[in-house]
Amino acid sequence: MTTQLRNIGALITVMRASANVAATAGGAGDNTEVIGAILDRAEIGMPQSCVFAVPFSATLGDGETLSIACTLESGNGSDLSDAADLHVVASTVVATGPAGGGTVTGTYEVMAPIMGAGRYLRAKFTPDLSAGATDTAALSSVVVFGGADRLPA
């Protein structure tokens with residue numbers, strides 16, 4: 001047990017949930033849903049919980065914001081044709097431009113129990129920049145799984 005307390009990597013699995021995306025205020029990628037990859041929980045021991053994380057870097061004007069909404073969905077069809085919403089989080093402000101404007105970086109995290117989820121999971125998120133045309137953001141996403149009935153391989 002002592003080894004596990006010092007080696008969290010032995011107890012979790014991190015999977016890429018989406019490609020890298022860019023958003024420009026009022027333009028491409030802004031307020032546009034990013035649909036992630038379909039992840040197979042059975043391949044990693046049917047984990048019972050997860051953290052959906054969206055790392056971001058945004059160039060924001062003074063007081064302008066980046067908000068993110070997200071949805072985790074699951075189902076038993078490998079193509080998620082039977083997808084049902086598992087966890088939905090309304091748009092939340094995750095970054096605000098500093099005085100005079102500048103770059104803000106961080107990671108937006110959503111914890112979700114997935115005990116009753118289907119075999120397959122997909123995360124979707126929507127970045128929304130408040131400015132009219134100048135602000136930009138670069139984002140991606142990962143899912144960190146834990147609580148599996150067996151340790152990751």
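**Exercise 1.** Which residues have the most contacts inside the largest nonpolar core?

*Solution.* The model is predicted: local features need pLDDT of at least 70, side-chain atom pairs count only at pLDDT 80 or more, and totals for chains, interfaces and linings use all residues. Residues are numbered from 1 along each chain as its sequence is written, and side-chain values use heavy atoms, without hydrogens and water.

Step 1. A nonpolar core is a set of buried Ala, Val, Leu, Ile, Met, Phe, Trp, Tyr and Cys residues joined through side-chain atoms within 4.5 Å; buried means under 20% relative accessible area with a 1.4 Å probe, protein chains only.

Step 2. The largest such core has 34 residues, and Cys-50, Phe-52, Leu-66, Phe-125, Leu-139, Val-143 and Phe-145 have the most contacts inside it.

Step 3. Strands are DSSP runs (E, at least two residues), numbered from the N terminus. With six residues, β4 gives the most to this core.

**Exercise 2.** Find the aromatic pair and classify it.

*Solution.* Step 1. Rings of Phe, Tyr and Trp (its six-membered ring) pair if their centres lie within 6.5 Å; planes under 30 degrees apart are stacked, over 60 edge-to-face, the rest tilted.

Step 2. The whole structure holds one aromatic pair. The ring centres of Phe-52 and Phe-125 are 6.3 Å apart with planes at 50°, so the pair is tilted.

Step 3. Phe-52 belongs to strand β4 (residues 49-60) and Phe-125 to strand β8 (residues 120-129), so the pair ties together parts 73 residues apart in sequence.

Step 4. Phe-52 and Phe-125 are both buried.

Terms used: Helix = DSSP H or I, 4+ residues; strand = E, 2+ residues; numbered from the N terminus. Buried < 20%, exposed > 50% of the residue type's maximum accessible area, 1.4 Å probe, protein only.
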